[in-house]
Amino acid sequence: DKDGLGVDYCYVDGTFEHQSRVNKKEAEFVVDLIFKHIEKTPELSLGVVAFSIAQQEIIEKLLYKRRRVEPDKEFFFLKNTEEPFFIKNLENVQGDERDVIIFSVAYGKDSTGKLVHNFGPLNKVGGERRLNVAVTRAKLNVKLVTSMHYNDINLEKTGAVGARMLRDYLEFAEKKNLKINNEPPKAVFGEQSADMEEEICEFIRSNGFIADKKVGYS
């Protein structure tokens with residue numbers, strides 16, 4: 001847990017606007033983070049991932065305005081570098097990797113204080129895979145910018161696997177507490193696979209190596 005490494009939880013007191021489907025205060029915070037990054041660690045590559053196209057577009061719009069005010073930072077936005085800066089959304093960030101990723105969740109409570117449990121692509125079947133791709137784009141540091149606390153998400157109101165994983169990820173970022181499930185998945189580790197596991201273990205031992213079974217599950 002060192003500065004500039006791991007996952008940083010960046011809470012913003014923003015609201016999600018249903019009509020425009022954006023969180024403007026969060027987008028402004030993201031732009032501030034981009035410029036702080038340029039000032040402090042310009043040697044590190046940077047990317048921004050937004051949960052939705054609408055949030056991506058408002059970040060781009062606000063960044064464009066800020067760039068016109070601070071033209072001395074334009075060197076950072078050049079495209080002909082090894083790992084150029086980008087802003088993308090959850091749907092099209094696959095394959096990209098940067099030293100630092102700023103991740104804008106956007107979703108959160110509206111102006112009435114109500115949280116609608118609709119997290120866009122995450123609510124769809126396979127949405128958890130999109131989240132997995134997005135949160136593994138950083139080589140050094142993820143700055144998770146959000147207007148939600150993990151316990152704002154009520155799992156009784158959504159059955160989506162992606163929403164549950166988002167809640168877990170928010171909890172990890174906020175509490176720095178990694179939940180580890182040591183129970184083997186019963187569908188995978190049945191009697192048949194246990195026998196095979198024993199055979200492999202014995203074979204390795206018979207060849208003079210020390211072997212142990214059930215050391216962590218993926």
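**Exercise 1.** Determine the strand order of the open sheet and the strands that stand at its edges.

*Solution.* In this predicted model, the open sheet has five strands in the order E1-E5-E4-E2-E3, and the pairing is parallel. Strand E1 (6-11) and strand E3 (86-89) each have a single partner strand, so they stand at the edges, with one side of each left without a neighbour in the sheet. Neighbouring strands are turned by 20° against each other on average, when direction is ignored.

**Exercise 2.** Describe how strand E4 pairs with strand E5.

*Solution.* Strand E4 (residues 98-104) and strand E5 (residues 138-146) pair in the parallel sense over six bridges. As a point of reference within this pairing, isoleucine 101 stands opposite valine 142 in E5.

**Exercise 3.** Classify the packing of helix H1 against helix H2, and describe their contact.

*Solution.* Begin with the geometry: H1 (residues 24-40) and H2 (residues 53-69) pack at an angle of about 50°, with their axes 9 Å apart. That angle makes H1 oblique to H2, and H1 passes H2 in a right-handed crossing. Next, list the residues that meet, which include Val30, Val31, Ile34 and Phe35 in H1 and Ile58, Ile59, Leu62 and Leu63 in H2. By class, the contact has nine nonpolar, one polar and six charged residues.

**Exercise 4.** Which strands do helices H2 and H4 lie across?

*Solution.* H2 lies across strand E2 (46-50), E3 and E4, and runs at about 160° to E3. Helix H4 (residues 161-175) lies across E1, E4 and E5, running at about 95° to E1.

Definitions and conventions: Residues numbered from 1 in each chain as written. Predicted model: local features only at pLDDT ≥ 70, side-chain atom pairs only at ≥ 80, totals over all residues. Heavy atoms only, no water. Axes fitted to C-alpha atoms, helices over the stretch in contact; angles between N-to-C directions. Helix = DSSP H or I, 4+ residues; strand = E, 2+ residues; numbered from the N terminus. Parallel < 35°, antiparallel > 145°, perpendicular 65-115°, else oblique. Left-handed = near helix turned anticlockwise from the far one by under 90°. Contact = heavy atoms within 4.5 Å. Nonpolar A, V, L, I, M, F, W, Y, C, P; charged D, E, K, R; others polar. Pairing = 2+ DSSP bridges.
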